[in-house]
Amino acid sequence: MKPLPPTLTVTAPPHAHCGKTVKGRMRAILIAMMPAALLAVHHFGMDALRVMCLGAAAAVVAEFLCDQIMERRSQVDDLHAFTVGLTFSFLLPASAPWWMVVFGSAVSIIMGKMIFGGLGGSPLCAPLVGWAVCSLSWPAHMDINASMLTSELNYPLSQLKHFGVEAIKGYDLDSLMVGRQLGGLGAVQTGALFIGGLFLAIRKHIKVGVSVGMLAGVLLTAGLFRMADPAQYASPMFHLLTGSVIFGAFFLATDPSSSPMRKIPAALFGLTAGVLVIIIRVYGVYPDGTPYAILLANLAAPLLDRIKPKPFGKKAAGRTLT
Amino acid sequence: MNKLWKEFSKGLWKDLPPFKLVLGLCPVLAVTSTAENGFGMGMAVIFVLTLSNLLVSLVRNLIPAKVRIACFIVIAASLVVAVELLMQAYVYPLYQQLGIFVPLIVVNCIILGRAEAFASKNPPLPAIADGLGMGIGFTMSLTFLGGLREFFGHGQLFGHHVAWAGFEPVSFMAEAPGAFVSLGLLLCAMNYFTNLQRKRKGLAPIDGPTHDCGSCGACGSK
């Protein structure tokens, strides 16, 4: 078991540590997800708890095995794998079969994180990789309406997609906010997730620019469609509170390795994701466009990262991006 | 004989075209959705590769160096047209499955690569051995990759159900992204085993492609 080679050599001793660790950040994210997890258990019963436990456990085991194969010192105790697994299970319907949860969670870790060299190397948001593989492979089990027929709740986004704006008249925003809707089991607890997201933002664990940009993108685009034809398009608040927009804005898009670093690129990144969500919801085949929107924005992140400030002392007209 | 066997066998593992040389990826990614398609494509490539190696080797002293690439392409193109017509005549369903990728064998990197790197410098017999070996290696890889994707994507092998009763096919593997992912994972596994072998022999592990410059020479270092 050889340790990771040092990639960054720092000299000139007295150093101060800001005190932030990966483990601390992950712990904060888990605390922020806790209310949503509790609400999910409240709405969907023990099935939700089963999916979440399986997802988190499978992710930790997968990362440990990867570390063994790659002959690295295992770092599963930094809680990142646990968070990825839990995040992935938040996107699944509560009825997901056990093998799909295990497979998707392992794929999230293996193909979304370890293949790129572990924590911080991935160009894509890890849980979404597993989600995309599962939803391409088993559309029947990932289809929230078809797999949750026994529930008395409904999936508002698919009703909007198939029956138009008339069908969603019955939803009031309050019940949407406490999660009285179908969708990813944790991702639809929008109110709880919003509180968790605010907690993370205040504690500066996430880049606020990404979240604000994404929410603004959703609200603006949905607002434009609504203004164009209120009889055909749903209101911005409806789009904000259904599906996994809030979850995506605070927990998925803010993944540090797959989002741009600086403030302006981060805000643009969020905006791109937000606009894409509504475009996919209005024109695409998927009822909830959030996961794919964020994956697409992830791919644009290296481009957005090229927006940099001028190096000090460089002439204004000079070409700075080389 | 020993030399011929050496030229023949290097295509089977040491310089296995798609995985070790990483050449001809276009058909590898596109037509391996089932084992049968991969096998059919491989047979077409064996035919073209062996004959083009033979022809190029025969005319290697007649071709002026400056126009050699154009000559290789003309030879490969005429052979591919022959394959295309033969496939239309005898295995039309397979021809329809492979579609544009049969004519695209003309510009397949393996054909041109072997003509340039091997056949144009060697007498006919080794050239045939090289072409056959590479072609068979290519066919094996394509069939294996196709079989893998067909098994996971449809639960079948060569069109027969082989998976257990409750198996839910991972349709992801049969679609386009599955090709990239399974190719990457296969490359990963092959490098892992190569390094494991080297470790057992007491050699240092290697990063990146494992072939020597003899099989490429594109950078002009020779």
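From the N terminus, the elements of chain B follow the order α-α-α-α-α-α-α-α-β-β-α-α, giving 10 helices and two strands (DSSP runs of H or I with at least four residues, and of E with at least two, numbered from the N terminus). The radius of gyration of chain B, taken over C-alpha atoms, is 18 Å, close to the 17 Å of the globule rule for 222 residues, so chain B is as compact as a globular protein of that length; the rule is 2.2 Å times the number of residues to the power 0.38. The model is predicted: local features need pLDDT of at least 70 and side-chain atom pairs count only at pLDDT 80 or more, whereas totals for chains, interfaces and linings use all residues. Residues are numbered from 1 along each chain as its sequence is written, and chains are lettered from A and ligands numbered from 1 in the order in which they are written.

The C-alpha trace of chain B spans about 60 × 55 × 30 Å along its principal axes. Of the contacts in chain B with a separation of 6 or more, 74% join residues 24 or more positions apart (contact: C-beta atoms, placed from the backbone, within 7 Å).

Helix α8 (residues 124-154) and helix α10 (residues 176-201) of chain B have axes that come within 11 Å and cross at roughly 125° (axes are lines fitted to C-alpha atoms over the stretch in contact, with angles from 0 to 180 degrees between N-to-C directions). The contact involves B:L145, B:L148, B:R149 and B:G153 of α8(B), and B:G178, B:A179, B:S182, B:L183 and B:L186 of α10(B).

Conventions: Two residues are in contact if their C-beta atoms, placed from the backbone, lie within 7 Å.
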